[in-house]
Amino acid sequence: MHVHNVTKLRDLDPQKLDFIIKVRVLKKWNIPSRYNENEVWLTEMILMDEEGDVIQATLSKNLFYKFQTQLREGSDYLIASPTLGEQNINFLPCQQK
């Protein structure tokens, strides 16, 4: 299926509201609640587009249960109108096991 008007990750603009990204889930992990370690608070993901650009994505608790069975590492997805936010970090990522 070919979709027109797919936005590349490098062209994302937090002020745009209506766009589609086509990405592959490279890595996905759950963050437990600090109050109940058996409850998922967030799901974090590293997504990559066809150009090889990557972005970190967060799936909040209220959406986790809706999409938990659908999102799989190594699978490709079209995501329409995701919410974007700027993340200012003051450290460099390092290699972890």
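Figure 1. With a relative accessible area of 22%, Glu 39 is partly exposed, because the buried class ends at under 20% and the exposed class starts at over 50%. The model shown here and in the views below is predicted. Glu 39 sits in the loop that links β1 to β2. Leaving out residues up to four places away in sequence, Glu 39 touches Ile 31, Pro 32, Ser 33, Lys 61 and Tyr 65. One of these residues, Lys 61, is 22 residues from Glu 39 along the chain, and the two C-alpha atoms are separated by 9.3 Å.

**Figure 2. Overview of the protein chain.** Of the 97 residues in the protein chain, 21% are buried. The accessible surface of the protein chain is about 8,000 Å², and carbon and sulfur atoms account for 50% of this surface. Among contacts between residues at least 6 apart in sequence, 46% join residues at least 24 apart. The protein chain has a mean pLDDT of 84, with 85% of its residues at 70 or more. Confidence is highest in β1, with a mean of 93, and lowest in helix α1 (residues 61-67), with a mean of 77.

**Figure 3. The four-stranded sheet.** The strands form an open sheet with antiparallel pairing, in the order β3-β2-β1-β4. β3 and β4 are the edge strands, each pairing on one side only. On average, neighbouring strands of this sheet are turned by 45° against each other, direction ignored. Strands of a sheet pair through backbone hydrogen bonds.

**Figure 4. Pairings of strand β1.** β1 (residues 20-32) pairs with β2 (residues 40-48) in the antiparallel sense, over eight bridges. Within this pairing, Lys 27 has Ile 46 of β2 as its bridge partner. β1 also runs antiparallel to β4, and five bridges join these two strands. Here the bridge partner of Lys 22 is Leu 78 in β4.

**Figure 5. The hairpin of β2 and β3.** β2 and β3 (residues 54-60) run antiparallel and are joined by seven bridges. Met 48 stands opposite Val 54 of β3. Five residues lie between the strands of this hairpin, and Gly 52 takes a positive phi near 90°.

**Figure 6. The largest nonpolar core.** Twelve residues make up this core: Leu 9, Leu 12, Phe 19, Ile 21, Val 23, Val 25, Met 45, Leu 47, Ala 57, Leu 59, Leu 71 and Tyr 77. The elements that contribute two or more residues to the core are β1, β2 and β3. β1 provides the largest share, three residues.

**Figure 7. Contacts of Leu 47.** Leu 47 is a member of the largest nonpolar core. Neighbours within four places in sequence aside, Leu 47 is in contact with Leu 9, Val 23, Arg 24, Val 25, Asp 53, Val 54, Ile 55, Ala 57 and Ile 79. Among these contacts, Leu 9, Val 23, Val 25 and Ala 57 also belong to the core.

**Figure 8. Backbone at Ser 81.** Ser 81 lies in the segment after β4 (76-80). Ser 81 is not a glycine, yet has a positive phi of about 50°. The relative accessible area of Ser 81 is 35%, so this residue is partly exposed.

Notes
Residues are numbered from 1 along each chain as its sequence is written. This is a predicted model: local features need pLDDT of at least 70, side-chain atom pairs count only at pLDDT 80 or more; totals for chains, interfaces and linings use all residues. Side-chain values use heavy atoms; hydrogens and water are left out. Two strands pair if DSSP finds at least two bridges between them. Buried means under 20% relative accessible area, exposed over 50%, partly exposed in between (1.4 Å probe, protein chains only). Contact means heavy atoms within 4.5 Å. Accessible areas come from the Shrake-Rupley method with a 1.4 Å probe; for residues, only the protein chains shown count as cover. A nonpolar core is a set of buried Ala, Val, Leu, Ile, Met, Phe, Trp, Tyr and Cys residues joined through side-chain atoms within 4.5 Å. pLDDT is the predictor's confidence in each residue, from 0 to 100. Axes are lines fitted to C-alpha atoms, for helices over the stretch in contact, and angles run from 0 to 180 degrees between N-to-C directions.
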